[in-house]
Structure formats: structure tokens, C-alpha cells
Amino acid sequence: MTAALFQPLPLRGLTLNNRVIVSPMCQYSAEDGLPTDWHMIHIGGLAMAGTGMLVIEAVGVEPRGRVTPQCLGLYDDATEAALKRIIDACQQHGNTPVALQLGHAGRKASCHAPQNGGRPLAEDEGAWPTIGPSAVPFGPDWHTPAEMTRSDMDDVIAAHVQATERAHRVGFAALEIHGAHGYLLSSFLSPLANRRGDAYGGDNAGRMRFPLELFATVRAAWPADKPLGMRLNGTDWDDAGLSNEDAIAFARALKDLGCDFFDVTGGGNSMVRPPLKPGYQAPFAQTIKQATGVPTMAVGMIRDPQIAEDLITTGQCDMVAIARGFLYEPRWTWRAAHELGAEGQYPPQYARANPKLWPQAFSDADDDPNITWEPGAAPHIMVPKRS
Ligand SMILES: Cc1cc2nc3c(=O)[nH]c(=O)nc-3n(C[C@H](O)[C@H](O)[C@H](O)COP(=O)(O)O)c2cc1C
């Protein structure tokens with residue numbers, strides 16, 4: 001029987017070939033919001049492993065919504081055209097549906113890239129004004145955001161809608177809204193950042209009102225046959241922050257608005273660090289999956305294919321999202337398929353990398369008396385034949 005990780009999964013009009021997802025990863029390699037050759041190499045390399053879906057890094061829906069000056073944007077014709085070139089190439093040469101993460105960094109915008117320390121930009125380094133649910137900085141020495149007015153909320157929703165329309169024209173197969181890690185929507189959801197006294201703060205129903213309004217508007221702007229998901233915190237990992245019960249209530253409300261998948265992560269609204277181990281956030285994916293029945297991803301230190309398989313067979317999640325594992329091993333999906341006895345998908349140029357065609361390199365198959373060698377389609381290439 002095929003491994004659970006390699007069973008297809010329908011999400012609206014898109015059917016994923018398997019349950020492996022490349023988790024969004026900002027590359028901090030853009031120039032004025034525009035992708036560079038780095039993105040072509042990086043995204044293109046990830047798009048050829050036959051992975052269920054590749055979610056590319058958060059794009060700022062407006063310039064002030066970028067985390068750093070080196071973050072991607074999707075807010076004008078130039079950024080749209082440059083991303084289209086990359087996605088066109090992935091569609092022509094790759095074998096993986098490419099999705100986009102829409103982001104707005106809120107009070108965590110205007111920073112250096114992590115490789116440069118990640119600190120907030122100083123005035124003379126090009127800092128820009130930030131916005132948030134309340135005028136509460138993320139931490140000491142961080143920018144104090146302007147408390148968003150209703151008009152600011154309208155602007156941010158409009159920016160998401162325009163980016164959504166652009167994402168459709170670019171040809172993305174699916175969209176994920178970034179509602180996690182302490183960025184704008186996540187900060188609205190968290191009592192650590194949201195101290196508003198109006199209808200957009202207070203209890204969980206108030207704190208989730210703006211993210212839900214935004215989701216509903218984006219859903220209406222995104223084609224009915226294309227999946228739209230939400231990355232959300234299953235917990236803030238902070239006793240004073242968003243709880244798992246809050247996250248479940250948010251997920252239920254999103255389901256009612258037509259959310260097609262949840263990508264359950266955590267943290268980022270405070271400096272509290274969770275205890276780390278493979279699959280450490282899967283319990284939160286599980287509670288959300290159970291409460292909603294909506295296809296749900298678990299993420300966090302998943303690298304061993306058997307752990308990924310077990311997370312699915314034990315009902316903790318429907319998909320596994322993998323970030324650093326794919327930086328380390330861009331064709332992780334091939335290894336997982338091989339180790340779990342499933343079929344990997346190879347572009348024709350790389351077909352000979354399939355372990356079935358050179359099994360001795362992967363096992364002691366040269367001692368297998370059932371294998372003989374014969375010329376393949378190209379007569380000078382010997383291929384194994386199992387009797
Ligand atoms: C280089 C890098 C960039 C990241 N950028 C994003 C991002 O743009 N959006 C996001 O939601 N998460 C981002 N993340 C978090 C990952 O998607 C993922 O949730 C996290 O790394 C845990 O998964 P892992 O243990 O498989 O790496 C980033 C992680 C890394 C390592």
C-alpha cells in the first residue's frame with residue numbers, strides 16, 4: 001500500500017500529488033521588492049522534486065508590509081512581471097504546484113535581514129513607519145507602530161486584494177495568507193499585541209474580527225476553483241498570548257468563510273521560545289484538524305520521512321510542511337518516496353536519479369539474484385530488470 005504521505009489530497013480545484021509541502025521561506029534576496037536571479041535558482045530548484053505544493057516566501061502586499069528591504073513584494077506591475085517570469089519557468093520545467101504566501105509584517109516590519117542581525121532599521125538605515133493593532137512595540141528598541149485606524153484597515157485589505165489579483169495573473173496555483181509569527185494579522189489575534197478598546201480588540205471575537213474581514217475579502221477576490229489557506233499560530237507559546245482555544249475558534253470561523261487549509265505554526269508575538277523537537281507543533285495542528293475537519297499542515301523540525309508518515313497515519317495532520325529540511329535537501333520528496341516505498345516524480349532530465357535505476361547505490365541490491373541488467377531505451381544505458 002502506498003505510504004499515507006504519498007496519497008493525493010484534493011484542495012478545491014487543485015489535487016496535490018502528495019502531502020509534502022515546502023514551507024514558505026523568505027530569502028532576503030529581493031531588490032526593491034523584485035525577485036533576483038537567486039529566486040529563479042532557489043524556487044526553480046525546489047519546483048522539480050514532485051512535491052505536493054511549494055509555498056514561496058511571504059511577499060509584502062505593500063512596501064511597508066515587508067519585513068526587510070530585501071523581502072519580496074507584490075504591489076506593482078514590475079513586481080508582478082518579475083514574479084511571473086519565475087512562475088512561468090517553474091510551470092514549464094517543474095512538476096510542483098507553486099503557491100504564494102501573502103504577508104504584511106505589521107509592527108515587525110522595517111528590520112534588517114536575520115543574516116544581518118534582524119534588528120529594527122535605524123532612521124539612517126532607511127527605517128519606515130510601521131502599523132499594528134495598537135501602539136505597542138514588539139520588544140525594547142523595536143519600532144512603535146501606529147495604531148491602525150479603520151481607514152488603515154481598509155487600505156491593508158485593499159492591498160491584499162490587489163496582490164491576490166496579481167497572484168492569479170502570475171499563475172499561482174494556491175494562496176496562503178500569513179496569519180502567524182507575530183506579523184500583522186497574528187498581532188491582531190494576540191492579546192500580547194492587540195490592546196484595542198474598539199470592536200477589533202478585547203476578547204477573541206474582537207481580536208479576530210479584522211483578520212476574518214480580510215480573509216473574506218481575499219476569498220471573494222481569489223478564483224472559486226483555487227485553494228486559499230491560512231497560516232496561523234496554534235499557540236503563541238506564551239501564557240499571556242493567544243491560546244490553542246483561541247486558535248481553534250479562529251480556524252472554525254475561517255472554515256465558515258471557505259478556508260481550504262490550515263498551516264499551523266506558533267510563536268513570534270513575544271520572545272518566548274518553545275521547547276524544540278521534531279514535530280513539536282503537530283499537537284496544535286491536530287486540535288485544529290479535529291475541530292474543523294479542514295486539511296491541516298503540521299510544521300516544525302520535520303525531516304525524517306518516517307516521522308512525517310507517522311504524523312499523517314496517526315491523524316495529527318493531513319500534510320507536513322518542511323522548511324529547513326528542503327534548504328538542506330531540495331529533493332527531500334524523492335528521498336521520502338524512496339524510503340517509504342512510494343514513487344517519486346522526476347523531470348525527464350533527472351530520470352536517471354531514480355533509485356530504482358541504480359539500486360546498488362542505495363542498498364546491497366547488487367547481491368539480489370532477482371535483478372539482472374539489460375540495455376534500456378538508450379542502448380548504452382543498462383537498466384535493472386527484476387525477475
Ligand atoms: C530561511 C527561513 C525563512 C523563513 N521565512 C518564512 C516566511 O517567509 N513565512 C513564514 O510563514 N515562515 C517562514 N519561515 C518559517 C518556516 O516556514 C517554518 O515554519 C519553520 O522554519 C519551521 O519549519 P522547519 O523546522 O522545517 O524549518 C522561515 C524559515 C526559514 C528557515
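The mean pLDDT of the chain is 96. In this predicted model, 98% of the residues reach a pLDDT of 70 or more. Strand β3, residues 20-22, has the highest mean pLDDT, at 99. Strand β14, residues 382-386, has the lowest, at 72.

The chain is divided into two parts by the domain assignment. Domain 1 covers 4-347. Domain 2 covers 354-387. Taken over C-alpha atoms, the centres of domain 1 and domain 2 are separated by 42 Å.

Helix packing was examined next. Two packed helices are described by the angle between their axes and the distance between the axes. Helix α3 spans residues 150-170, and helix α6 spans residues 209-221. These helices pack at an angle of about 30 degrees. Their axes lie 9 Å apart. Angles under 35 degrees count as roughly parallel, so α3 is roughly parallel to α6. The crossing of α3 past α6 is right-handed. On the α3 side, the contact is made by Arg150, Met153, Val156, Ile157, His160, Val161 and Thr164. On the α6 side, Phe210, Glu213, Leu214, Thr217, Val218 and Ala221 take part. By class, the residues of this contact divide into 8 nonpolar, 3 polar and 2 charged.

Helix α3 also packs with helix α2, which spans residues 77-93. The axes of α2 and α3 come within 9 Å. They cross at roughly 35 degrees. The crossing of α2 and α3 is right-handed. From α2, the residues in contact are Asp77, Glu80, Leu83, Lys84, Ile87 and Asp88. They meet Arg166, Arg169 and Val170 of α3. The contact of α2 with α3 has 6 charged residues, 3 nonpolar residues and no polar ones.

The α3 and α6 contact holds 8 nonpolar and 2 charged residues. The α2 and α3 contact holds 3 nonpolar and 6 charged residues.

Methods
Residues are numbered from 1 along each chain as its sequence is written. This is a predicted model: local features need pLDDT of at least 70, side-chain atom pairs count only at pLDDT 80 or more; totals for chains, interfaces and linings use all residues. Side-chain values use heavy atoms; hydrogens and water are left out. pLDDT is the predictor's confidence in each residue, from 0 to 100. Helices (H or I, at least four residues) and strands (E, at least two) are DSSP runs, numbered from the N terminus. Axes are lines fitted to C-alpha atoms, for helices over the stretch in contact, and angles run from 0 to 180 degrees between N-to-C directions. Angles under 35 degrees count as roughly parallel, over 145 as roughly antiparallel, 65 to 115 as roughly perpendicular and the rest as oblique. A crossing is left-handed if the near helix is turned anticlockwise from the far one by less than a right angle, and right-handed if clockwise. Contact means heavy atoms within 4.5 Å. Ala, Val, Leu, Ile, Met, Phe, Trp, Tyr, Cys and Pro count as nonpolar, Asp, Glu, Lys and Arg as charged, and the others, Gly among them, as polar. Domain bounds come from an automatic or database domain assignment.
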